[in-house]
Amino acid sequence: SYTAAVDGIVAMQTASSELADSVLGPYDRTAFLPSTAVSLNDLATALKEVVHADSHSLLGDIVYEQDQFLSDVIASFPTNIDSSRAIKLGAPPTPHIHTILRQYCHDFPNAIHPQIKLINTSTTLTSSPSSQPNYVNDPNLIMGLITGAGSGIGRATAIRLAKGKWGGPTGKGFGSPTTTKTTYALVLVGRRLEPLQQTQKLCMETTETENDTNITLRTMVLSVDVTNEDAVHTLFETIKSTFGRLDLLFNNAGTNISPSP
């Protein structure tokens, strides 16, 4: 995935010197981005799994005219790459092939047949809606939604919010921090689940590091295409039914529009 590659490069370039030194050591400073091998058969199978059955006839065939030189070059690549260093530096793991295909269709709509329809998975919970806990009646709940939370500014904002001491009647939670417990809920939204789950883990670790027994953190990860009006409606309905409120919206994701005169 080109976006996973870019996210990985940015993560490694912006990692603190302390983290880089602890992961890479003083001599061998190499780190390999996560990758996976995908055959043409894998690609053809995955396409039929993400494209609606009514559109299968529009897919055509995937063909490859063998270029011996290119084949020899690719054959020389290692099939197993240790990317653990890059992941420790913040690079996202290799996305599932379904995610890669959906992302391509979203980013390059002009390259896709206009009548091709993808199977609708615009909103995906980390667990089923029926198994999600309900916090509507929590009197000391402070709830925030961060879009684009899988990397960059969105991830950094989520990590900061996970420290608590914001919102509520005082702007720093509920009442005296030594006597009143506050439940912070963060909904982390983006297109790809893998980096969102990484952000979720970092948020939980941040709250644990703060070691404040009066702060409880709850998180929900949602894969949502914010350019899809129905998906956004479902997102807010999920927030309403689960939390009953929204105190903070950090709208960090969107889409470009054509320039106007």
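Buried means under 20% relative accessible area, exposed means over 50%, and partly exposed lies in between, with a 1.4 Å probe and protein chains only. By this rule, buried residues make up 32% of the 261 residues in the chain.

The model is predicted: local features need pLDDT of at least 70, side-chain atom pairs count only at pLDDT 80 or more, and totals for chains, interfaces and linings use all residues. Residues are numbered from 1 along each chain as its sequence is written, and side-chain values use heavy atoms, with hydrogens and water left out.

**Exercise 1. State how many helices and strands the chain has, and give their order.**

Solution. Helices (H or I, at least four residues) and strands (E, at least two) are DSSP runs, numbered from the N terminus. Under that rule the chain has 9 helices and 5 strands. Read from the N terminus, the order is α-α-α-α-α-α-β-β-α-β-α-β-α-β. A further step concerns contacts, where contact means heavy atoms within 4.5 Å. Of the contacts in the chain with a separation of 6 or more, 79% are between residues 24 or more positions apart.

**Exercise 2. Describe how helix 7 packs with helix 8.**

Solution. Begin with the geometry. Axes are lines fitted to C-alpha atoms, for helices over the stretch in contact, and angles run from 0 to 180 degrees between N-to-C directions. Helix 7 (residues 152-161) and helix 8 (residues 193-210) have axes 8 Å apart, at an angle of about 25 degrees. Helix 7 is therefore roughly parallel to helix 8. The classes are as follows: under 35 degrees is roughly parallel, over 145 roughly antiparallel, 65 to 115 roughly perpendicular, and the rest oblique.

Next comes the handedness. A crossing is right-handed if the near helix is turned clockwise from the far one by less than a right angle, and left-handed if anticlockwise. Helix 7 passes helix 8 in a right-handed crossing.

Last come the residues. From helix 7, Arg155, Ala158 and Ile159 meet Pro195, Gln198, Thr199, Leu202, Cys203 and Thr206 of helix 8. These residues divide into 5 nonpolar, 3 polar and 1 charged. Here Ala, Val, Leu, Ile, Met, Phe, Trp, Tyr, Cys and Pro count as nonpolar, Asp, Glu, Lys and Arg as charged, and the others, Gly among them, as polar.

**Exercise 3. Determine where Thr199 and Ala149 lie, and what each touches.**

Solution. Thr199 has its place in helix 8. Thr199 is buried, with a relative accessible area of 0%. Not counting residues up to four places away in sequence, Thr199 touches Ala149, Gly150, Arg155, Ala158 and Leu188.

Ala149 is placed in the loop between strand 2 (141-147) and helix 7. Ala149 also counts as buried, at 0% relative accessibility. Leaving aside neighbours within four places in sequence, Ala149 is in contact with Gly154, Arg155, Leu188, Val189, Leu196 and Thr199. The C-alpha atoms of Ala149 and Gln200 are separated by 9.1 Å, although these residues are 51 residues apart along the chain.

**Exercise 4. Describe the crossing of helix 3 and helix 6.**

Solution. The axes of helix 3 (residues 40-50) and helix 6 (residues 97-107) come within 10 Å and cross at roughly 70 degrees. Helix 3 is therefore roughly perpendicular to helix 6. The crossing of helix 3 past helix 6 is right-handed. Helix 3 contributes Asp42, Leu43, Ala46, Leu47, Glu49 and Val50 to the contact, and helix 6 contributes Ile97, His98, Leu101 and Arg102. Sorted by type, the residues of this contact are 6 nonpolar, 1 polar and 3 charged.

**Exercise 5. State how many salt bridges a search of the whole structure finds, and examine examples.**

Solution. A salt bridge is a side-chain nitrogen of Lys or Arg within 4 Å of a carboxyl oxygen of Asp or Glu. Side chains of opposite charge can pair when their charged atoms come close. The search finds 5 salt bridges.

- One of them joins Lys201 and Glu205, at 2.5 Å, N to O. Both residues lie in helix 8, 4 residues apart, about one turn of the helix. Lys201 counts as exposed at 52%, whereas Glu205 is partly exposed at 33%.
- Another joins Arg29 and Asp21, at 3.2 Å, N to O. Arg29 is partly exposed at 40%, and Asp21 is partly exposed at 44%.
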